[in-house]
Protein chains: 4
Amino acid sequence: MIQMTLIQIDNYGPWTVTPAPRAEADLQILQSELYADLQRQFAAKGGLVFFTRFDNMLAITNNVDMEDHRRIQKSIGNRYPITVSMGVAAAETPYEAQRDATAALQNYGGAQSEERKEVLAIDGLVNKEDSFVQIAHIDINGITDSLTDIIPAYDTSFIVNRVQHFLMKKLIEKGSLVFFIGGDNFMSPCNGLSPEGLLKIVEEIEDETNIALKAGIGKAPTAEKAANLADLALEEIRGGVTYDLVHVMNKK
Amino acid sequence: MIQMTLIQIDNYGPWTVTPAPRAEADLQILQSELYADLQRQFAAKGGLVFFTRFDNMLAITNNVDMEDHRRIQKSIGNRYPITVSMGVAAAETPYEAQRDATAALQNYGGAQSEERKEVLAIDGLVNKEDSFVQIAHIDINGITDSLTDIIPAYDTSFIVNRVQHFLMKKLIEKGSLVFFIGGDNFMSPCNGLSPEGLLKIVEEIEDETNIALKAGIGKAPTAEKAANLADLALEEIRGGVTYDLVHVMNKK
Amino acid sequence: MIQMTLIQIDNYGPWTVTPAPRAEADLQILQSELYADLQRQFAAKGGLVFFTRFDNMLAITNNVDMEDHRRIQKSIGNRYPITVSMGVAAAETPYEAQRDATAALQNYGGAQSEERKEVLAIDGLVNKEDSFVQIAHIDINGITDSLTDIIPAYDTSFIVNRVQHFLMKKLIEKGSLVFFIGGDNFMSPCNGLSPEGLLKIVEEIEDETNIALKAGIGKAPTAEKAANLADLALEEIRGGVTYDLVHVMNKK
Amino acid sequence: MIQMTLIQIDNYGPWTVTPAPRAEADLQILQSELYADLQRQFAAKGGLVFFTRFDNMLAITNNVDMEDHRRIQKSIGNRYPITVSMGVAAAETPYEAQRDATAALQNYGGAQSEERKEVLAIDGLVNKEDSFVQIAHIDINGITDSLTDIIPAYDTSFIVNRVQHFLMKKLIEKGSLVFFIGGDNFMSPCNGLSPEGLLKIVEEIEDETNIALKAGIGKAPTAEKAANLADLALEEIRGGVTYDLVHVMNKK
Ligand SMILES: Nc1nc2c(ncn2[C@@H]2O[C@H](COP(=O)(O)OP(=O)(O)OP(=O)(O)O)[C@@H](O)[C@H]2O)c(=O)[nH]1
Ligand SMILES: Nc1nc2c(ncn2[C@@H]2O[C@H](COP(=O)(O)OP(=O)(O)OP(=O)(O)O)[C@@H](O)[C@H]2O)c(=O)[nH]1
Ligand SMILES: Nc1nc2c(ncn2[C@@H]2O[C@H](COP(=O)(O)OP(=O)(O)OP(=O)(O)O)[C@@H](O)[C@H]2O)c(=O)[nH]1
Ligand SMILES: Nc1nc2c(ncn2[C@@H]2O[C@H](COP(=O)(O)OP(=O)(O)OP(=O)(O)O)[C@@H](O)[C@H]2O)c(=O)[nH]1
Ligand SMILES: [Ca+2]
Ligand SMILES: [Ca+2]
Ligand SMILES: [Ca+2]
Ligand SMILES: [Ca+2]
């Protein structure tokens, strides 16, 4: 089972314009430092956070317990002008886990409620024996030579965004999520997805967009280890160890 | 004229996997802190950076001169394990500015060249009299009540991404760019775009996606001031001062 | 027993002047961000880091195991232009623990050795049952009214430094350490020191410098908890719960 | 003339214990990130900040005007749970400048006043023609071989603190300030101090403490450039270009 946490900034929309709109540069710094900060704290326990919308972040949190969540929440409250609420749930697929985590938090009030503050809403936590995370690290082939070094930077980012859009659309049907992690890279929490299932999607996207992808899949008890195995699988594709476009590595 | 800078991490792809793939959490922290850091430094001169692909960032840099660019570049080189190269250009539209900034940098070698390091490639800088930035701050109406508080967090982010995709596709034809800035917000450097032109796009997107948008437009000599005016225009729409979905504010 | 870790930047002196002296502002940012970063990571496991010399930091690390140290070390190596080595030891007093931690690291080569890199030298770790940390939080009485609001800022900081110097001199004889933690505050890892011993020192300092101090003492299995209890003890003195200038709180 | 700014966290003492004492690790992170943040922003204009007490920081701010101060103040207020007030003054010596900057701020209320918030109290600013900063970068000879690599880390830091104490005591009489900048390094804003005056102090300290120092002095219109020249002067001593223990470099 995969455990996911929704991290939501409390009443953030109104705050950004009170008493007057705050400088966008400051909001950008605040958001990205908050994300980096949460990442560091969840990573210390083997978790992995995705920036998602920045005001709403989704994280894989197998091995991160209730006390850890509380400590992180308090630490943010002590150092930022805003606070965060969290919802946590565990399920067979990432889609279900984030859905239940969201619902758990929604129960306590809206994102712009003035009362809801530093809520920790736990629908369920994974225990050690059932902890299982499957992650696919999906990457565009040779983006540097074919795009980055040739066409304008914005056009490349437009293509990357388009690929993301296709990936999201196709993977959500399998209960899998897709997050952009920078460059030409996507990370997909995908418990329950078969390598063949992913390969089919990769092939469809190549047909529709003319962009060739490759994907390493890792399976392990924590996001940290699963992501690392996915990276190693990707390197084996890059290194020619395998001809498959989707390659799996399990924790030995 | 708008001045744009492309900031590119030198030879970053290979670095992320040398000697072995680096922990994804560390890369995420590195990327978002680098972005926050650049933002703070460009903002000190009235500029505004967009995270774009994180390994390639685009910035509006009117009022940021050559010496400023150099100082920022050196400061990053002193504090990170990586270095950055930059391309700078000025043009009538944001699309052209980023295109020429990219080309200026590409001239010096590829993003994964082992020789190219800390290059500053200046195609052109805007002088004070010609400095002009137009920014639209585009926002989804009532996302909190209609999406965030009701449906799963991932589904909301999927819709936001879809809106971004439509915006990018339509605005690029006008020479305007679109960047996601978190939440349900987009910022569009859009010199040359008329309010009517933007309104038409907003209406088309509502037709196609059923998502209602609003947009504040600001015009000023720097990105900082233009963004601030765009925010104020957006607040006037929110406050009911105007019934228009696209509202403009000029620097007095 | 208290466990302490010495964190030393590898070959830092030469790096600061290669190829030419790096901007002091950049070094200051690098050093304080590195410190904040380490603090966050050690704190996630109940540890506490003191900035000490910035290029050499001492930390109380009960409950932080070998794997944690490794992860932190790697994470720093992935995100900074420098690497860190560490020495770890456990002993009855903080003085002995840092002495043995230092010696363990010194065995592997000098601070400016070109070969020594990312060493983790473990002399010993505390096990759960023996884990015990005693911390005194020492504070100047009424510094705001008597100094900060009246005399020049530099003069106040001079007095604070003088108090620190006296505290260090007197406490080292008891096997206790003293670190400046900002404002008018000092934190003293002080396993083995009696409240009466500390009171005597506080009284001597008042005689010699005319500065009145108070101190809360906390005792617990981790630095985090001991520091928290010390803070609570200090608040009880502030609140008039006790007339003693040195007040102790134990973990219930 | 040298321009100095006192940066003071508003009502910080009470905040640290409201509603209950905040985790010391969080306060340490907050303080050092705030310092790094201010450093980056002042450095963008050629200024240099010293951490001093962390809740009260002194900065050399020649070339940083009123608008810059305001922007920095607002930017901090947008991203931290606390706000900062500032006092600014210019004078012939650093001591006088910080004294007048402190007095300017004290006029507006105490450091723990509940009313005083985000005050900018300007006693005076330096104009371009009169802008002059003299900085000495003072360093211990061969600390690595003689202390760091041989004795316990705490003992070395005790000696460094002792040297700082002597330096502060002797330099304040000349109207010069001394700040610890990490390692075995001190930076002294010292307009008006002659090289011979500093040499005498260096020699006295060697007599009294047996610690040999060297010092590079830089003179320039901004702190950034003066510090850089001081570093270069220090390197010339290290490189054997001069036998003097105090060596001066002027801006060409
Ligand atoms: N977040 C993240 N980004 C990565 C990683 N590896 C590469 N990238 C990003 O991807 C960009 C492109 O690098 P590569 O994928 O190595 O380059 P490429 O030209 O596509 O080459 P191939 O993928 O080997 O065909 C880099 O600039 C990084 O931004 C990773 O492990 N994590
Ligand atoms: N970057 C950025 N994000 C903002 C800004 N204002 C709001 N947001 C984001 O947008 C999210 C939604 O806030 P709002 O747009 O105020 O909420 P809403 O429910 O859509 O309400 P209306 O837009 O007033 O209809 C917030 O959580 C923020 O993430 C801004 O100025 N800059
Ligand atoms: N690091 C740290 N600093 C603190 C803490 N509490 C207070 N300070 C610092 O100490 C400074 C002075 O605050 P106080 O000690 O409350 O003020 P005071 O005037 O001395 O009042 P009393 O100590 O109550 O007599 C603050 O500005 C902070 O910098 C704490 O828990 N940790
Ligand atoms: N802040 C700052 N610290 C420095 C600088 N240069 C060196 N250091 C610090 O000083 C420490 C000791 O380095 P050095 O002074 O080069 O070493 P040393 O053994 O004393 O050698 P010499 O000074 O050449 O006799 C380093 O670990 C750094 O912490 C600098 O320019 N700025
Ligand atoms: Ca790729
Ligand atoms: Ca909205
Ligand atoms: Ca006090
Ligand atoms: Ca030295």
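Which element gives the largest share of the shell around ligand 3? H2(D) does, with four residues. The structure is a predicted model, in which local features need pLDDT of at least 70, side-chain atom pairs count only at pLDDT 80 or more, and totals for chains, interfaces and linings use all residues. Residues are numbered from 1 along each chain as its sequence is written, chains are lettered from A and ligands numbered from 1 in the order in which they are written, and side-chain values use heavy atoms, without hydrogens or water.

Ligand 3 is surrounded by 22 residues, counted when one of their heavy atoms lies within 4 Å of the molecule. The closest are Gly142(C), Thr144(C), Arg238(C), Glu24(D) and Asp55(D). The site is shared between chains, because residues from both C and D surround ligand 3. Polar contacts are pairs of N or O atoms within 3.5 Å. A polar backbone atom of Gly142(C) is 2.6 Å from an oxygen atom of ligand 3. Polar side-chain atoms of Asp184(C) and Lys214(C) each lie 2.9 Å from an oxygen atom of this ligand. On its own, ligand 3 has 630 Å² of accessible area, and the protein covers 88% of this. Accessible areas come from the Shrake-Rupley method with a 1.4 Å probe. Two or more residues of the shell come from each of strand E6 (133-140) and helix H5 (143-148) of chain C, and helix H1 (12-16) and helix H2 (24-43) of chain D. Helices (H or I, at least four residues) and strands (E, at least two) are DSSP runs numbered from the N terminus. By class, the shell holds five nonpolar, eleven polar and six charged residues. Here Ala, Val, Leu, Ile, Met, Phe, Trp, Tyr, Cys and Pro count as nonpolar, Asp, Glu, Lys and Arg as charged, and the others, Gly among them, as polar.

Ligand 2 sits between chains A and B, so its site is likewise shared between chains. Its surroundings comprise 22 residues, the closest being Glu24(A), Asp55(A), Gly142(B), Thr144(B) and Arg238(B). A polar side-chain atom of Asp55(A) lies 2.5 Å from a ligand 2 oxygen. For a backbone N or O atom of Gly142(B), the distance to an oxygen of ligand 2 is 2.6 Å. Asp184(B) places a polar side-chain atom 2.9 Å from an oxygen atom of ligand 2.

Conventions
Polar contact = N/O pair within 3.5 Å; in protein donor to acceptor, adjacent residues only side chain to side chain.
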